[in-house]
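Work through the exercises below with the model open. Try each task before reading its solution.

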Amino acid sequence: MEDLINPDEYFMEKAIKLAEEAFSENEIPIGAIIVFENKIIGKGFNQTEKLTDVTAHAEILAITSASQFLGSKFLNDCTIYITVEPCLMCMGAIKWSRLKRVVIGAKEPKSGFSSFLDKPVSKNLDISFGLFEDRCSDLMKEFFRNRRS
């Protein structure tokens, strides 16, 4: 990988590409990338329709992939980049896999984890919101607008 001016932007771009792939497969357009030492070790996009599995969220698939890559259920020194705020199930998986950082594009006010919690997920988890927020949000809006028409 070439020298990165802003690694967060670089990796979120990769997550957005995965969300666009989900969109093209008529899946809710959410993408997730897991990074360890500036290398992508796990990735996923929503595949609940394709796999007929309500747990086949981008984050879960990325965590599974990264865990297999490292040979460990714990992802202590890893960062996950997610285009849209995770649901409670996915945030639980993020917490239990011990990811170090979570970088989120757009908030999800209806089903995002932060709408349901009144205390922090974990004192050891660094969570940030808003990276390429408009792009991530616009992709979701377009997807649902197309489904309604």
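Buried means under 20% relative accessible area, exposed means over 50%, and partly exposed lies in between (1.4 Å probe, protein chains only). The model is predicted: local features need pLDDT of at least 70, side-chain atom pairs count only at pLDDT 80 or more, and totals for chains, interfaces and linings use all residues. Residues are numbered from 1 along each chain as its sequence is written, and side-chain values use heavy atoms, with hydrogens and water left out.

**Exercise 1. The salt bridges**

Solution. 
- Step 1. Apply the criterion: a side-chain nitrogen of Lys or Arg within 4 Å of a carboxyl oxygen of Asp or Glu.
- Step 2. Take Arg101 and Asp8, whose side chains meet at 2.9 Å, N to O. Arg101 lies in strand E4 and Asp8 in helix H1 (residues 7–24), so this pair ties together parts 93 residues apart in sequence. Helices (H or I, at least four residues) and strands (E, at least two) are DSSP runs, numbered from the N terminus.
- Step 3. Check accessibility. Arg101 is partly exposed at 21%, and Asp8 is partly exposed at 22%.
- Step 4. Take Glu13 and Arg135, with their closest N and O atoms 2.8 Å apart. Glu13 sits in helix H1 and Arg135 in helix H4, 122 residues apart. Glu13 is partly exposed at 29%, and so is Arg135 at 36%.
- Step 5. Take Arg101 and Asp126, a salt bridge at 3.6 Å, N to O. This pair links strand E4 to strand E5 across 25 residues. Asp126 is partly exposed, with a relative accessible area of 41%.
- Step 6. Look for shared partners. Asp8, Arg101 and Asp126 are joined into one network.

**Exercise 2. A charge without a bridge**

Task: which side chain of opposite charge is nearest to Glu108, and how far away is it?

Solution. 
- Step 1. Locate Glu108 in the loop between strand E4 (101–106) and strand E5 (126–129).
- Step 2. Glu108 is buried yet has no salt bridge. The nearest side chain of opposite charge is Lys110, 6.5 Å away. Lys and Arg count as positive, Asp and Glu as negative; His and the chain ends are not counted.
- Step 3. Look at the backbone. The side chain of Glu108 reaches the backbone nitrogen of Lys110 at 2.8 Å.

**Exercise 3. Positive phi**

Task: what is the phi of Asn38, and where does Asn38 lie?

Solution. 
- Step 1. Recall that most residues other than glycine have a negative phi.
- Step 2. The phi of Asn38 is near 60°, a positive value. Asn38 lies in the loop between strand E1 (31–36) and strand E2 (39–45). Asn38 is partly exposed at 44%.
- Step 3. Now turn to Arg98, which has a positive phi of about 65° although it is not a glycine. Arg98 is in the loop between helix H3 (88–96) and E4. Its relative accessible area is 45%, partly exposed.

**Exercise 4. A close approach**

Task: how is Gly44 placed relative to Glu59?

Solution. 
- Step 1. Gly44 is in strand E2. Gly44 is buried, with a relative accessible area of 6%.
- Step 2. The C-alpha atoms of Gly44 and Glu59 are separated by 6.5 Å, while the residues are 15 apart along the chain.

Conventions. A polar contact is a pair of N or O atoms within 3.5 Å; within protein, one must be able to donate a hydrogen and the other to accept it, and residues adjacent in sequence count only if both atoms are side-chain atoms.
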